[in-house]
Amino acid sequence: MSAPLPMSAPAFTWGILGAGGIAHKLAEAVNQYTQSEVVAVAAASGLDRAQAFADEMDVPKAYGSYEELVADDAIDIVYVATTHNNHHNPALLAIEAGKNVMVEKAFTQNEMQARQVVDAARAKGVFVMEAMWARHLPHMYAVRELIERGEIGQIVSVQADHGQPIAHIERMRNPALAGGALLDLGVYPIAFAHDILGVPDSITSVGRLTDTGVDGQVSMVFDYASLGAQASLTTTMEGRTPCMALIGGTEGFIQIDRTFYNPTSFTVTRYDGTSTFFDGDVPNGFQYEAAEVARCVDLGLTESPIHTLDESLEIMRIMDEVRNQIGLIYPGEHGGPGER
């Protein structure tokens, strides 16, 4: 199955909590590449920042608090675009107001917070989805279809890396903002391995913490003994890496080009000597996840079959285990990621 065209999704109104770079990208995607519209933005730092965002992105309304935005009856869907440490409370605020919600990845800071968001959404009966945009991109639809058809046989190996030289950015160094490589960058290779292989049977991780107490880089091996497969994943915020992914099978392999979690291309190489190239390049890319939310809300669904809430919980549980193994604890987590 090919990725559904974003313009084919029904129109809804969006409000954005947060006015940073990723909020800009979502606003552009919704307004330019879907039938929906971003009609409001709120910034916790105050009305001035929200208004500057609204002026720049041609958004009709700006609010100086999240509470004001979620109370707006004209908004159908709320996008939580705050820092990792603060996904949980704004998501709960929007859910309590009866809004459908898309929460930027990583879904929350830890599994405990994720469970609270999921439980609240299910109790309220509203739609919630993690904004793991890579799952909805054309090349990932094509990759999954090829695997399901058995084009490369049984999967035995997954490799993925994500490294960006962003350790100098204040939020990345700040433990109070849940900074570090894992939640910001490492979530992509972890979610990719999960998309292909599911939940590992065992996890082995090594990492190095910075002088501020966040993780500078992490290497992980996931073992899927029941599937006969392993995943080798790395992330760093201290240097640029290829940001490519490889899926190896008994009959061939799929090599996803840089950057594997962005709209991109891939090559399928089979051991019979044949190969296939897929070009999945599209502008922006956030429109595919936004369109998935619109389709699901229109159908009355409370979660996406492409990326379920249980899958988001599983990914958070995996990251909690990685953090436990490398000794990464954020402020307020007295006994580790699962305890607050």
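Is Phe260 buried or exposed? I looked it up: Phe260 is buried, with a relative accessible area of 2%. I take buried as under 20% relative accessible area, exposed as over 50%, and partly exposed as in between (1.4 Å probe, protein chains only).

**Ground rules**

I am working on a predicted model, where local features need pLDDT of at least 70, side-chain atom pairs count only at pLDDT 80 or more, and totals for chains, interfaces and linings use all residues. Residues are numbered from 1 along each chain as its sequence is written, and side-chain values use heavy atoms, with hydrogens and water left out.

**Entry: salt bridges**

Side chains of opposite charge can pair when their charged atoms come close. I searched the whole structure and found 16 salt bridges (a side-chain nitrogen of Lys or Arg within 4 Å of a carboxyl oxygen of Asp or Glu).

I looked at Arg144 and Asp195. Their side chains meet in a salt bridge at 2.8 Å, N to O. Arg144 sits in helix α6 (residues 138-148) and Asp195 in helix α8 (residues 181-197), 51 residues apart. Helices (H or I, at least four residues) and strands (E, at least two) are DSSP runs, numbered from the N terminus. Both Arg144 and Asp195 are buried. I also noted that the charged end of Arg144 sits over the ring of Tyr141, 5.0 Å from its centre. The rule here: NZ of Lys or CZ of Arg is within 6 Å of the ring centre and within 35 degrees of the ring normal.

Next I checked Asp184 and Arg171, which form a salt bridge at 2.9 Å, N to O. Asp184 lies in helix α8 and Arg171 in helix α7 (residues 170-173), so the pair ties together parts 13 residues apart in sequence. Asp184 is buried at 9% relative accessibility. Arg171 is partly exposed at 34%.

**Entry: aromatic rings**

I counted 5 aromatic pairs. Rings of Phe, Tyr and Trp (its six-membered ring) pair if their centres lie within 6.5 Å; planes under 30 degrees apart are stacked, over 60 edge-to-face, the rest tilted.

How are the rings of Tyr188 and Tyr261 arranged? Their centres are 4.2 Å apart and their planes at 20°, so the pair is stacked. Tyr188 is in helix α8, and Tyr261 is in the loop between β12 (252-256) and β13 (265-270), 73 residues apart. Both Tyr188 and Tyr261 are buried.

Then I returned to Phe260. Phe260 and Tyr261 pair edge-to-face, 5.3 Å centre to centre, with 90° between the planes. Tyr188, Phe192, Phe260 and Tyr261 form one aromatic cluster.
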